[in-house]
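Have the model open as you read.

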Amino acid sequence: MIENKKYWKGIAQLNDDPVVKKLEENEFVDKLPIDKLFEENDLSTGNTSRRDFLKFLGFTTAAASLAACEAPINKVIPYVNKPEEIVPGVANYYASTIYDGHDFASVLVKTREGRPIKIESNNTCANARVQSSVLSLYDSSRLRSPMISKVESNWDSVDKDIIKKLDEIKENGGKIAILTSTIISPTIYNLIDNFKNKYGNVVHVQKDSVSSDGILDANLDYFGIRKIPTYNFEKAEIIVSFGADFLGNFPGNTDYAKQYVEGRNPKNKKMSKHYQVESNLTLTGSNADHRIQIKPSEQAGLLSQLYRYITKKSTTIDSRISTIGKSLLESNSSIVLCNSNNKEVQLIVNAINDYLKNYDRTISIRNHTNLQQGNDQDLQNLIYEMQAGQIDALITYNINPSYILPDSDNFNKAMSNVGLTISTSKYMDETSINMDYICPDSHNLESWGDFVPYNGVCTLMQPTINPLFNTRQFQDSLLKWSQNSISYNDYLKDTYKNDWENKLHDGYFDVELEKVPLKQVKNKDLLIKNFPIKKNSNNIEFCVSEKISLGDGSQANNPWLQELPDPLSRATWDNYLTISEITAKELGLRNWNVSNGALNGDIVDLTLGDVTINNVPVMIQPGQAIGTVSMAIGYGRTNAGKCGNGVGLNVYPLINGGEVVIEKVEGVHEFAATQLHHTMMGRNIVKETTLDEYIKNPASGNDHDKFLTHEGKKRANEVSLWNKHDHETGHHWNLSIDLTACIGCASCVISCHAENNVPVVGKEEIRKSRDMHWLRIDRYFSSDMTKEVAKDQNASAIDMYSKMEDPSVNPEVVFQPVMCMHCNNAPCETVCPVAATTHSAEGLNHMTYNRCVGTRYCLNNCPYKVRRFNWFQYSDNDAFDFNMNDDYGKMVLNPDVVVRSRGVMEKCTMCLHKIQELKLTAKREGRKIKDEEAQTVCASACETNALVFGDVNDKNHTVHKLRKDERSYDLLDHLNVAPSVFYQTKIRNKS
Amino acid sequence: MAVINKNILTEIISRSFFIVFLLISVVTHSQSVTETSSIEEGKNLFESQGCKGCHSLGTIRKTGPGLYGVFERWDNDEAKLIRYIQNPADPEFGIVAMPAHPLPDNQIRSILMYINSYEPPVVSAEDNVVMEKTEDESLSYELILLIATVVLILLILLLTSVKNSLKESVSENTETIFQTIRRLVTVNPNKLILGFILLIFVLRIVYDTLMGVGVVEKYEPAQPIQFSHKVHAGDNQIDCNYCHTSARHSKTASIPSANLCMNCHTYINEGPISGTKEIQKIYDAVGFDPETRTYIDGYEQKPIEWIRVHQLPDLAYFNHSQHVSVANLECQQCHGNVQEKGLGAVATSEELNQIEFNIKDGVKFDHPTLTMGWCIDCHRQKTVDMENNDYYMEMHSKLIEKHGKEAFSVETIGGLECGKCHY
């Protein structure tokens with residue numbers, strides 16, 4: 001019976017459906033349509049199914065990978081004549097100088113096989129822009145040959161033309177103008193003098209992109225010398241800055257950050273107290289102990305009042321600055337400085353410093369800086385003369401007036417009246433495009449030069465590579481046009497012939513101090529004007545700011561700088577109108593996050609006087625004073641090159657600031673910010689305390705989370721499940737980060753970028769949170785809501801946490817550099833399915849790119865989110881048309897570090913290649929590694945010594961002592977991942 | 001029926017193996033050197049006469065050159081060689097003399113026999129073919145296999161015909177070889193076994209192919225100049241580091257620049273193998289006139305475009321100085337007996353296993369050269385000389401304390417960690 005029983009699969013089978021019968025006979029009813037695929041020319045209309053497509057795809061991939069197994073035939077081409085100093089594979093270092101009219105640094109240039117690949121500081125701070133300038137060397141947008149009327153030419157015909165025309169001008173008694181940025185080179189002054197002697201009627205005008213006329217003219221009146229003094233922040237007990245961003249952008253600030261931090265070492269039980277009185281949040285302001293928000297128009301009045309209070313001429317003082325007044329009077333030494341470009345205001349500052357006897361103690365006008373000497377009046381006169389047709393020839397150097405001048409149209413019109421216009425710009429920039437002859441200057445790294453940045457110090461610049469293009473440095477051009485046959489190199493050698501080799505080797509040397517005959521003004525009080533404090537109006541005031549990334553915009557075509565997140569807004573590839581939340585609400589302006597987390601903002605039209613800038617994106621910036629807005633210069637270039645063109649908006653037309661009208665317009669702006677949250681949400685990420693507390697208890701603020709166990713409360717590392725690695729026998733590399741010393745300047749970020757071939761991904765990718773920075777500097781604002789406040793107010797948890805998201809109106813700011821923590825109980829290592837990330841005996845977390853299959857499991861498991869995934873092939877990819885997609889740009893790549901390909905995870909290696917190199921050198925020389933010899937590039941780039949790297953097993957090493965310090969703590973130590981990177985609590989000098 | 005046939009088949013196979021075995025042993029036996037009593041005498045003389053003080057039997061250079069292959073170097077002219085040993089100062093030879101050894105001819109002949117009898121440890125016939133790049137008289141492995149196959153087929157044919165004639169005599173149905181195979185295959189259990197064997201065979205081929213990917217042993221590309229390492233490093237005993245200057249200082253050993261070649265070739269414009277033809281190419285690169293021995297003014301120099309032999313992928317970091325200057329390895333330990341070769345070539349790990357230094361260091365490679373396994377083989381086996389380097393001092397004492405032994409391999413100090421070579 002059982003055998004006879006029949007089951008049907010369906011009603012169709014029971015009914016003997018022919019389809020079922022056919023299916024029973026033949027499982028695959030239709031043949032695979034391979035023949036059809038090949039018949040059809042157009043795949044979209046063909047019969048090919050998705051499955052077939054995948055089959056072919058699979059086949060071709062397999063075939064391609066099999067074909068790729070064949071090793072390619074590579075050539076290896078040795079030198080014909082090997083230069084004596086080059087050993088292939090070993091870096092050479094040269095001392096040189098970077099100066100572009102805005103930034104100055106004495107540097108060491110690392111070269112490999114004759115290519116400069118990295119800039120390191122040589123006894124002065126090399127900021128992010130200076131470090132990035134090595135990439136600007138390989139900018140393929142640079143001009144490649146001299147040009148006559150925008151047609152490529154050669155030097156002989158250009159020189160012949162120019163000399164002929166200059167001679168004609170001389171014969172006709174015409175006037176020649178040389179317009180430059182501030183020149184700090186003695187030999188260039190000599191060359192200009194020679195040029196003057198040759199052609200007679202020559203005028204030399206200097207102009208800085210951000211004018212310092214106010215302070216210069218004030219010093220001229222007060223001391224009889226038109227120079228900016230140098231400050232010694234280490235010696236000052238009280239630092240009061242009215243808007244001056246001396247840690248970010250301030251003339252002569254190469255050493256200020258270092259001094260500032262040295263004066264704030266809590267170990268000495270003494271820290272300088274820093275007050276910042278400003279409207280937009282600057283890098284300096286974010287480091288201040290007390291920050292007072294004012295409107296730009298109130299500055300003069302407050303300073304005036306402070307002056308009268310200190311000199312006891314009056315006892316009334318604005319409540320906002322009363323503590324400043326008191327502490328200035330009580331202090332032994334102080335510094336007062338101001339960013340105002342108004343002579344009268346700067347005179348008040350001088351008078352305050354003078355009264356407080358700060359000159360020759362904390363401020364030195366004798367050891368003044370030569371940086372920034374531009375004179376706006378000279379330029380104005382030049383433009384008048386040009387308009388009147390009195391100038392017959394104009395030569396520009398290191399300056400882009402059509403971009404940096406507020407009334408650039410006026411300048412362009414005036415320039416059209418000049419018979420002979422010669423640009424020496426490296427780029428076909430906004431000015432050069434309107435000029436007759438372009439005689440491109442060589443890059444700093446291709447040139448010779450001398451500089452006297454400070455009175456008494458001279459630095460030399462030497463080329464580290466032959467000019468990449470057919471360019472010639474300005475000095476040589478001047479010599480040629482002065483019809484002098486000597487080369488500038490010989491000229492320079494001749495000038496510094498004593499001990500030339502040693503001077504060149506060191507890069508800097510002392511020169512005789514220029515004697516400054518200081519004018520003694522008899523009744524200085526007569527110089528001081530009295531400014532009333534303006535009544536608070538409802539008008540919105542505008543002032544420009546300067547980013548640490550782009551600065552004045554001359555390096556706008558540098559993708560590293562464009563992608564460097566602003567330390568405060570954390571936005572990249574953009575400038576925007578920063579506004580306080582309260583003002584934004586009044587104007588109905590919003591920032592909001594879209595579904596993938598990216599930040600969007602409203603757009604406004606900004607009108608100042610008769611200038612309107614349309615479609616300005618608005619960014620709500622905690623710390624921006626109420627009723628003020630601010631925007632960074634350096635953006636909105638039109639002739640910078642492929643990366644810099646059209647990024648952001650040009651606000652040079654508004655550089656003088658004033659009251660603005662803001663009008664909301666239709667549209668949405670998409671920001672690309674690398675950090676989307678503002679506060680720590682009550683967590684112990686950055687631990688901080690005050691100096692007073694620290695003196696009482698060095699471990700104050702450094703509380704560790706404890707867990708309840710059956711043996712009572714214990715720290716996470718006491719109840720570990722992990723087996724310990726053996727880190728005792730060899731080295732154990734540790735990195736200490738002092739949050740008190742970190743000022744957030746980001747030169748470590750660029751240094752890391754340059755050293756480790758970190759790709760640039762562009763705005764769109766950053767918006768998708770796919771930034772590749774191995775090292776980021778997290779910024780947190782304080783919030784008015786804390787757990788204590790919530791307890792007092794009886795606020796619910798939801799209420800508390802939602803309010804914690806909002807930063808204070810005038811927040812305290814902390815910066816925290818975060819890179820791979822090289823955990824010794826690494827969460828990433830345990831989850832990698834292919835063991836591509838492993839632990840080393842030296843306490844480092846290794847990442848093996850060639851082993852990685854890209855599951856991104858490690859990234860998910862990393863509590864610090866420091867791993868970066870290569871979503872695309874960033875090199876040789878037209879979709880990412882930055883330096884790695886450019887034959888010139890690739891020359892900056894470090895040959896000791898792999899260029900990662902698509903689909904692999906990458907992260908900070910703690911400069912493993914440098915460690916290995918150092919160990920090898922020590923082994924080769926048969927010696928131990930010396931103290932402080934091991935360096936990561938972030939640590940060596942850190943001028944404030946916030947980052948200290950070394951072998952924690954070496955009992956004499958600073959990092960060993962720092963590990964034991966009461967201030968040191970592990971980030972997220974409740975996770976017990978045992979990081980090799982640790983932090984020192986931030987200490988503020990607050991009372 | 002089937003049972004009988006199976007028996008026959010196994011017998012055929014076993015017999016044919018025996019024959020092949022015999023054949024191979026005859027071939028190899030014919031290779032071995034005929035021993036005579038004077039080798040023993042030669043050995044005694046070699047040690048007593050002080051030859052050993054200056055010469056090694058292998059390729060290692062002591063005070064004098066290694067004696068391996070000395071006959072080839074003297075063009076197999078035994079009489080001349082004997083004269084040289086007796087009186088090296090004779091103007092006939094014109095090369096730097098060693099002390100005279102005025103021994104009777106027969107004794108020197110014994111020494112030469114002893115020298116000749118020396119074989120570098122376990123050198124197989126196959127390796128000699130590779131190393132010498134000359135046709136050896138011995139049969140190659142492939143040839144033996146071919147002969148064996150032919151013999152086997154002949155045997156099968158023979159036995160089939162015997163079987164068929166036997167069957168005919170008992171008037172059973174005869175069958176051809178193909179019919180036999182077909183019958184065997186159609187029987188079910190055999191099909192399975194056959195399928196299994198076939199599968200293993202295919203898997204093995206796939207595995208071998210995949211393991212061979214990226215293996216570049218014996219890679220010896222043609223080069224723009226027919227350079228001979230044998231002439232330079234072998235015959236003229238030029239130190240490797242003289243030309244590959246940066247091997248001691250840098251990660252790359254570096255291909256010598258043409259101006260380095262000119263240090264010698266300013267004077268030497270004719271070589272022993274290719275005369276002036278190849279050396280002229282250096283002159284073409286640097287712009288040198290060998291007639292006047294001057295550099296040509298304003299000559300546009302042309303770099304020599306060599307083909308890279310050892311190709312290290314971008315993902316791996318290797319440093320020559322680490323191995324040459326710190327570990328004090330000899331070049332031959334990774335590159336083989338370069339001084340006996342012509343152009344640059346990738347050595348095989350079999351060849352490297354014969355290198356005396358490797359034997360001395362106790363390093364035996366199991367993986368093909370230039371693969372990661374090959375690196376690891378050495379890092380596992382090679383002992384780090386920690387005693388003579390202050391860098392290791394502290395580490396060494398800690399390691400001794402921890403492990404209770406003195407010698408540590410590269411592995412113990414992290415030589416197998418990924419990040420040491422991949423970053």
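1. A quick definition before we start: two residues are in contact if their C-beta atoms, placed from the backbone, lie within 7 Å. Keep in mind, too, that this is a predicted model.

2. Now the place where the chains meet. On that definition, 47 residues of chain B are in contact with 42 residues of chain A. On chain B's side, the elements giving two or more residues are helix 13 (258-265), helix 14 (277-286), strand 3 (306-307), helix 15 (320-326) and helix 20 (393-403) of chain B. Sorted by class, that side of chain B has 20 nonpolar, 18 polar and nine charged residues.

3. On to chain A itself. It is divided into domain 1 (2-53), domain 2 (227-369), domain 3 (540-673) and domain 4 (688-988). Between the C-alpha centres of domain 1 and domain 4 of chain A there are 58 Å.

4. Have a look at strand 33 (residues 733-738) of chain A. Six of its six residues are buried, so this strand is largely enclosed by the rest of the structure. A:Trp733, A:Leu735 and A:Ile737 point one way, while A:Asn734, A:Ser736 and A:Asp738 point the other way.

5. What does strand 33 of chain A pair with in the antiparallel sense over five bridges? That is strand 40 (residues 947-951) of chain A, where A:Val948 stands opposite A:Ser736. Strand 42 (residues 981-984) of chain A runs parallel to strand 33, joined by four bridges, and there A:Val981 is the bridge partner of A:Leu735.

Conventions:
Residues are numbered from 1 along each chain as its sequence is written. Chains are lettered from A and ligands numbered from 1 in the order in which they are written. This is a predicted model: local features need pLDDT of at least 70, side-chain atom pairs count only at pLDDT 80 or more; totals for chains, interfaces and linings use all residues. Ala, Val, Leu, Ile, Met, Phe, Trp, Tyr, Cys and Pro count as nonpolar, Asp, Glu, Lys and Arg as charged, and the others, Gly among them, as polar. Domain bounds come from an automatic or database domain assignment. A residue is buried if 20 or more other C-beta atoms lie within 10 Å of its own, exposed if 12 or fewer, and partly exposed in between; C-beta atoms are placed from the backbone. Two strands pair if DSSP finds at least two bridges between them.
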